[in-house]
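Here is my note on the model you sent. Please read the points alongside the sequence and the coordinates.

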Amino acid sequence: MTASEESVAVAPRPQPVKINTISFADVRAALAQGWSDFVKAPLVGLFFGGIYAAGGIAILLLLNVYHEPWWIIPIAVGFPLIGPFVAVGLYETSRRLAAGEPLHWGEILTVILAQRKRQVGWMAFVVLFIFWMWLYEVRMLLAIFLGFKSFSSIGAFLNVVTTTPEGIGFLIVGTGVGAFISFVLFCTTVVAIPLLLEREIDLITAIIMSFKAVFQNLAPMIGWGIVIVALTFAALLPAFLGLLVVLPVLGHATWHLYRKVVAPEAA
């Protein structure tokens with residue numbers, strides 16, 4: 001071996017990701033830890049929750065301007081799908097709190113901006129693609145069941161989908177398809193995004209590990225998904241304002257659940 005060959009540094013191979021088995025108690029503990037982190041850093045949580053709530057309010061106003069306010073319902077259903085990516089700042093905050101590191105705004109925002117050059121940036125495209133699939137599916141089902149009818153208000157839309165055979169069919173099929181799309185996205189992101197934030201790992205491996213984490217812990221992870229859906233819908237009711245608190249708590253809790261599901265790297 002020549003001297004030049006000896007001087008070449010060999011990059012260490014990334015350690016394999018080990019998935020732990022968790023219980024419902026871990027889900028409850030993660031939710032409690034999420035609330036604790038929000039209390040410890042309320043301004044950070046309100047900042048990120050405020051961005052999300054402001055986005056929802058802006059969509060609602062735009063839909064009213066274009067006289068299609070009923071679209072807020074399918075958009076509100078799909079809107080939380082992009083929540084995991086928005087929560088990167090919350091994951092970083094929880095990581096810093098657990099490590100005893102100071103919470104500097106500049107450093108937290110820098111971590112978020114740095115994700116554009118890492119695998120998390122590609123995950124954003126995956127999430128947004130699934131979100132657009134959901135909106136396209138809603139439009140297609142509207143054409144099939146309701147024939148592209150136009151609704152003047154949310155009330156008129158709800159009246160049609162709850163009192164007519166066509167509307168009920170649209171509601172049943174749309175709910176089923178939407179639930180499937182949401183489950184796929186949940187499996188794709190629940191572990192993958194915090195894993196990509198914490199480790200230098202490729203996108204495909206992170207997604208595979210995320211699916212493995214869900215199916216290895218199917219009952220508690222589905223329970224966690226139900227908690228997310230229930231709390232998010234409750235937060236959406238007061239014109240998205242509930243997201244000011246619910247989103248940061250869920251973001252912090254997701255990080256803590258991730259740390260319970262994925263074993264830490266060996267020293």
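**Notes on the predicted model**

1. Start with Asp 37. Leaving aside neighbours within four places in sequence, Asp 37 is in contact with Ser 94, Leu 97, His 252 and His 256. Contact here means heavy atoms within 4.5 Å. Asp 37 is found in helix H2. Helices (H or I, at least four residues) and strands (E, at least two) are DSSP runs, numbered from the N terminus.

2. A word on the basis. This is a predicted model, where local features need pLDDT of at least 70 and side-chain atom pairs count only at pLDDT 80 or more, while totals for chains, interfaces and linings use all residues. Residues are numbered from 1 along each chain as its sequence is written, and side-chain values use heavy atoms, with hydrogens and water left out.

3. What is the charge setting of Asp 37? Asp 37 is buried yet has no salt bridge. The nearest side chain of opposite charge, Lys 40, is 4.5 Å away. A salt bridge needs a side-chain nitrogen of Lys or Arg within 4 Å of a carboxyl oxygen of Asp or Glu. Lys and Arg count as positive and Asp and Glu as negative; His and the chain ends are not counted. Buried means under 20% relative accessible area, exposed over 50%, partly exposed in between (1.4 Å probe, protein chains only).

4. Asp 37 does have a polar partner. Its side chain makes a polar contact with the side chain of Ser 94, at 2.8 Å. A polar contact is a pair of N or O atoms within 3.5 Å; within protein, one must be able to donate a hydrogen and the other to accept it, and residues adjacent in sequence count only if both atoms are side-chain atoms.

5. Now Thr 21. This residue lies in the loop between helix H1 (3-6) and helix H2 (24-40). Thr 21 is exposed, with a relative accessible area of 61%. Beyond four places in sequence, Thr 21 touches Gln 216 and Asn 217. A polar contact of 3.3 Å joins the side chains of Thr 21 and Gln 216. Thr 21 and Leu 218 are 197 residues apart in sequence, but 9.8 Å apart in space, C-alpha to C-alpha.

6. Last, the whole chain. The chain has 14 helices and 0 strands. Of its 267 residues, 44% count as buried. Among contacts with a separation of 6 or more, 78% come from residues 24 or more positions apart.
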